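Welcome! Have a look at the structure, then work through each solution step by step.

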Amino acid sequence: MASNRLSVVDYVILVILLLSSAIIGVIFGFFKSSKNSAKEFLLANGDMGALPTGLSILVSFLSAVTLLGTPSEVYMFGTMYFYEGIALMIASLVTALVFMPKFREMQCTSVYEYLDQRFDRTVRLCVSFSFSLIMLIYMAIVLYGPALALSQTAGLNIWLCVISIGVICTFYSSVGGMRAVIWADVLQAIVMAIGLLAVIIQGLISLGGFKRTFSIASRGGRIEFDSVSIDPRTRHTVWSLLIGGSINALATYGFNQAQVQRYKCIRSTRGAKQALFINAVGSALIVFASGFIGVILYAYYADCDPYTNKKLGEIDEILPYFVMEVLSNKKGLPGVFLACIFSGSLSTISSGLNSLAGVLIDDVYKRLLGRQLTDQRQGVICKIVSVLLGVLVILLTYVVSYLGSILNATLSLFGVFEGPIMGVFVLGFFFPQANRRGALVGFCLSLALEFWIFLGAQITKNQMKNVRLPLSIANCSDMTNSTLANWTTSTLVPTFLKRNPLIDLYSVSYMWYTPIAVATVIIVGIIVSYLTHPLQPHEIDRKLIISVSDLCCCFLPKRWCGWFRCDADDERDTNEIEMMTHDTSSSDHTTPTASTFDKKFKLVIKSNMVAPAPIVVSSSIPVAN
């Protein structure tokens, strides 16, 4: 561990950040909130602007996991991970153009209500439970990240850090609701940007500039952007990062309740698109900045790796170790960095608590138990549930402390759970024939397959090929004989173990977990659906489907859509209905005929369905004498 410790100024900065977050909760919980309702607590009454919401989307899932995990990833495996920034941009743009408008059309609190309308309640509840489980685990991992950083670099008790962050976060998210969460995220986004810039600038100063930094990293094999292997076992390639990374990020941006909930907080669909465009640029910049810090770390420790030299317990500790070694003589800068790590955790946990409370109330309490609540009462219950969830997350932190590498563990677990969740939505949106049995069987088999691969990878990881790039301790002045012996043994002596016959399956890169899960749901879902009566066009609401023409129109100017016949039928039918209504209303108060109602009814049905269902005119329709 680094011998330096935080100064009083550093502690003051940390306290100011925590108190500021708490004050935001108080302001929006007691002074700025016009009513204590579920819509205000979960959706900020639907009147937020694009900029603050875009920054909130940005920091929600690019948190302490990214800030600690990405530099260590580049330090150990090179700069291929930079492509993840492009993948995040692709996922954010696809979400803005394809899925976000669909979800905003639905007047519901939980995104998983779509699955109820498209399939049935069982599918909805299975997916909701899976989301709840992954969010609890994810929040615990994010809470553990900064606690680890503080305990290893500043000597503070790790559980004191966990409780401090957890309590503050639970307080302002429970008291102030989504509005407080979003504005606290804005503050934390600014702090994160300042922290990253401080580390980059001071690191370059210590190394002598860009040229020397990249020269050292290049000699160490860290600068790499051309890995195009098609072997799915290769940890990072152009394909695994651009394809697998984009699908992985799309599962979060497009189908995660915490993100979809934010889209609905904005006044308009156009504003929601702007927020996602802000997120696309910002998320890429954060990944690039964090990755560049990893290059700086390697250049600084090229000849004396603290991880190999037993100065660190886990490789994810290398960034705070560097900060305390390089920035400790400049009072306040270590505090700014640690406030940056704190901010990442606070933003993610607060978002998770708010969204998870909404899902549990809407999907479990109201839907499963059949309880009806007024909007006011639901708002109060959401606050209570948020507090209970905050306590549970703090307790779960003890479990995730044994998961190892933060970034790898988080992305792997996200692939295990969010991959099948995304698969069910894709099956529902793009395959009209898919029925509820296909969705349920596909989801369950996909989840089982992902668990099998994940657990197999954890059990057999000692048999997998070690692909990390070489590290050196040749110039470590404090290196002991035992350290040198262990380094030499681990580097030069191969380990002979009985090879597991499924090792190739377990060795698949974690970047492919989500694509495998989505493909499994689609393939199994379609097969089962065709074996158990596939849905006919007239059996499904067109609003629940995204057609190929609709998909094309998402990426084209509106004036071009007519060339692809996008919405042409809808517009013609709508115009015809309006003309008929005008003709009827302008007549001399004559009673409409049954044929007129019949025709209008058919047109309304056609405008809302994939294909018109057989029309039966009700006997209650008035008929002219």
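**Exercise 1.** Find how far apart the closest N and O atoms are in the salt bridge of Asp 185 with Arg 262.

*Solution.* Asp 185 and Arg 262 form a salt bridge with their closest N and O atoms 3.2 Å apart. The term salt bridge stands for a side-chain nitrogen of Lys or Arg within 4 Å of a carboxyl oxygen of Asp or Glu. Finally, Asp 185 is buried at 0% relative accessibility, and Arg 262 is buried with a relative accessible area of 0%. Buried means under 20% relative accessible area, exposed over 50%, and partly exposed in between (1.4 Å probe, protein chains only).

A note on the source: this is a predicted model, in which local features need pLDDT of at least 70 and side-chain atom pairs count only at pLDDT 80 or more, while totals for chains, interfaces and linings use all residues. Residues are numbered from 1 along each chain as its sequence is written, and side-chain values use heavy atoms, leaving out hydrogens and water.

**Exercise 2.** Are Arg 233 and Asp 231 buried or partly exposed?

*Solution.* Start with the contact: Arg 233 and Asp 231 meet in a salt bridge (2.9 Å, N to O). Then check accessibility: Arg 233 is partly exposed at 39%, and Asp 231 is partly exposed at 26%.

**Exercise 3.** Which residues are linked with Arg 124 in a network of salt bridges?

*Solution.* Asp 116, Asp 362 and Asp 363 join Arg 124 in that network.
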